[in-house]
2 protein chains.
Amino acid sequence: MPKPPNLNTHLSNLRGSPYSKFAEHIKNMGTPTYPLHIGDTYLTPVKGACMEDLTEKQYPGMHRYTKTVGYPDLVREISECYCIDLDQILVTPGATGGLFLLAQTFVGMGEEVLILAPYWPLAAGIVQNVGGKPVSVPFYDRDLSVSDLLSPYLTDKTVAIYVNTPNNPTGLMLNEKQVTDLTTFARKNNLWIWADEVYEKLVFDDCHIEMKTYAPERTFSLYSFSKVFGMAGNRCGFILGPNAQTVRYLQKSAVNSFYSVSTASQIAALRALKMGESWLGYAREAYKQIAYETADILDLPRPQGSTFHFWDIKPYLQGRDMDDVFLRCIAAKLLIAPGSSFGAQYSTYVRFCYTCAPPGNRERGSDPLEGNLTRFLMSDGVRFGFLS
Amino acid sequence: MPKPPNLNTHLSNLRGSPYSKFAEHIKNMGTPTYPLHIGDTYLTPVKGACMEDLTEKQYPGMHRYTKTVGYPDLVREISECYCIDLDQILVTPGATGGLFLLAQTFVGMGEEVLILAPYWPLAAGIVQNVGGKPVSVPFYDRDLSVSDLLSPYLTDKTVAIYVNTPNNPTGLMLNEKQVTDLTTFARKNNLWIWADEVYEKLVFDDCHIEMKTYAPERTFSLYSFSKVFGMAGNRCGFILGPNAQTVRYLQKSAVNSFYSVSTASQIAALRALKMGESWLGYAREAYKQIAYETADILDLPRPQGSTFHFWDIKPYLQGRDMDDVFLRCIAAKLLIAPGSSFGAQYSTYVRFCYTCAPPGNRERGSDPLEGNLTRFLMSDGVRFGFLS
């Protein structure tokens, strides 16, 4: 079927970005004043872990291939930090690349993955990309038990559960009971657990719970240096797998897709792990401050972690539709992410990342758009001005 | 089927490296004295395009996400260098990542890709990784017409032809008649052409012919900064597609697999393109000298391009088997690639990369292994010593 000029049909509905619907408008918009649609940071990485700090003199051959499982010193450092055997580690191009390898390796055509919603948009896209079926399970905004929430979506084609804690977009975290119930459910129904824990170190007051502690035999943990150490552009993360054999399968799929992660990005990650603790402490505190402040202004629950607010603007719509909202945002050079990208149920939500723009800017300008997003959204005279 | 602890069956036979068979031995070997099994270089990238040359001051936000189609200035530079529209370009993690996106996008389960052999091992692995069937077509070592060579392998499941020119492993290049015949064959049978031209600028005397000039409507050209500019570890290459729509599909698959290429790697690539011309001239001349010299010593045809010799050692085997050869190489801390990885027909061949070790070393030592591989192989008293 996919002979020229036809294309593979299972990709036809795949999105190239959560904002595909408005791609033309965004293209014509020019540089956004507030690119709050993407999970990134205004901070630069810790000094010592920037590219300019990595020299051929100190790392001879650093522009050459490294081991496909990962730069050996980085793999050793991860092994020590996470108390896990070397052969259970695979370095991946961000958690995105890691999740993709899981899907590529464990999901057959038409097989299903339960994705706890609202969810990181690429979780669904990645499953779709390999010919699987992402099944959105409303979870973070519900009060029922894990079993009650998940059981209706279970079929004989279900192979895995994808869960992201701390959660993008809600900022919520699983508590111990939820983790226990989820691992019990996975074990009972013999499902893999794909635990996306990329915000593990961006937790503000509570304690992050590692899923793999509760179901080590079936859990793949996804981590990333992107969010924790402010180096999303480096494309470096890693997977911890339940045993050497499964990780070996992922490595095969890695070699036969992107081959390996940039050697320099891995050295940067190694240095961030070794010298980034105080930087991370500072970043977490700064993120928390803006997280709480913006939550309070918008009357949202304070997030437990991550870098996002997920905000139901239904009460403010007054009959306007969401497309209109996003088009007005784009006209104001303000990008926020449509809730529908995080699960079909969330069409009246918006997600925005509160760590994208430096908070120091927000008092400065006379133009309301030069202020911080939430100030802009909520401040006198322009309350929802962008929606009007 | 792939529920815990089972794994996806179509990956079971996938190799994690061309040397999988000897993985345990290699693991125990320690650092090889001659890692000539992989296509890499002893040179460091051009000054100005090393990671240490890329500063946050000059490239603010260089550790953050960039556009998923590619770093805008790099995409513009490629557009100018290759005379192609911006929306026909996608930056990929090396040509490996590019070929993977083609397979992921255009090959359905069980569909076939004709791979002109001997071939780069990952070409087959990548097709297999997406559930397709790689069909090895002996080509570079045959004298028949394109149509005679390819027709016997054509089925109603064939969707594409993969061709690599200059060729890894043979160092041969397609001439104009071959290119014309190949594009005619592809057009007649309505196949995509995947033209892997990563060695395009490592051509010693002849002229490289771009496949896409002859069949622009169906050709995807794969390029890489890895080989040409000595930065394989950076994982940066690009695809040029026949039109915006097909490239858009590849971008969707990219976003939903590895997301994008390292921002810093793309800036390094941009700088290599802008300032690498004389470095490249030097590298090409140095590679050519060692290519010709080693070919003459081994009585092999002088390669037209690439960085490899493909050598049939059958006449020297005298009843020994190839496993024995490779195990003796490993014992001598010498890694060369088994011919069988380049097509089942080539089991008595070995491939070695002549640009991996600095030629300056070869006169120095008293230990024959401290000399250049071919000197070692051929020099007085140790002729095939490593095989004996």
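1. In this predicted model, helix α3(B) contributes the most to the lining of the largest cavity, giving 3 residues. The elements that supply two or more residues to this lining are α3 (94-106), α4 (121-129) and α7 (225-228), which belong to chain B.

2. The largest cavity holds about 320 Å³ of space, and its lining comprises 24 residues. Those nearest its centre are Y65(A), W120(B), L122(B), N168(B) and K227(B). Divided by class, the lining has 13 nonpolar, 7 polar and 4 charged residues.

3. The search of the whole structure returned 10 cavities of 30 Å³ or more.

4. A separate point concerns D156(A), which is located in the loop between α5 (146-150) and β5 (158-164) of chain A. The relative accessible area of D156(A) is 71%, and the residue is therefore classed as exposed, the cut-off being over 50%. The C-alpha atom of D156(A) is separated by 8.8 Å from that of E112(A), and these two residues are 44 residues apart along the chain.

Note on methods. Residues numbered from 1 in each chain as written. Chains lettered and ligands numbered in written order. Predicted model: local features only at pLDDT ≥ 70, side-chain atom pairs only at ≥ 80, totals over all residues. Heavy atoms only, no water. 1 Å grid on protein atoms, 1.4 Å probe; cavity = no way out; pocket = protein on both sides within 12 Å on 5 of 7 lines; lining within 4 Å. Points joined across faces, edges and corners; volume = space filled by probe spheres on them. Helix = DSSP H or I, 4+ residues; strand = E, 2+ residues; numbered from the N terminus. Nonpolar A, V, L, I, M, F, W, Y, C, P; charged D, E, K, R; others polar. Buried < 20%, exposed > 50% of the residue type's maximum accessible area, 1.4 Å probe, protein only.
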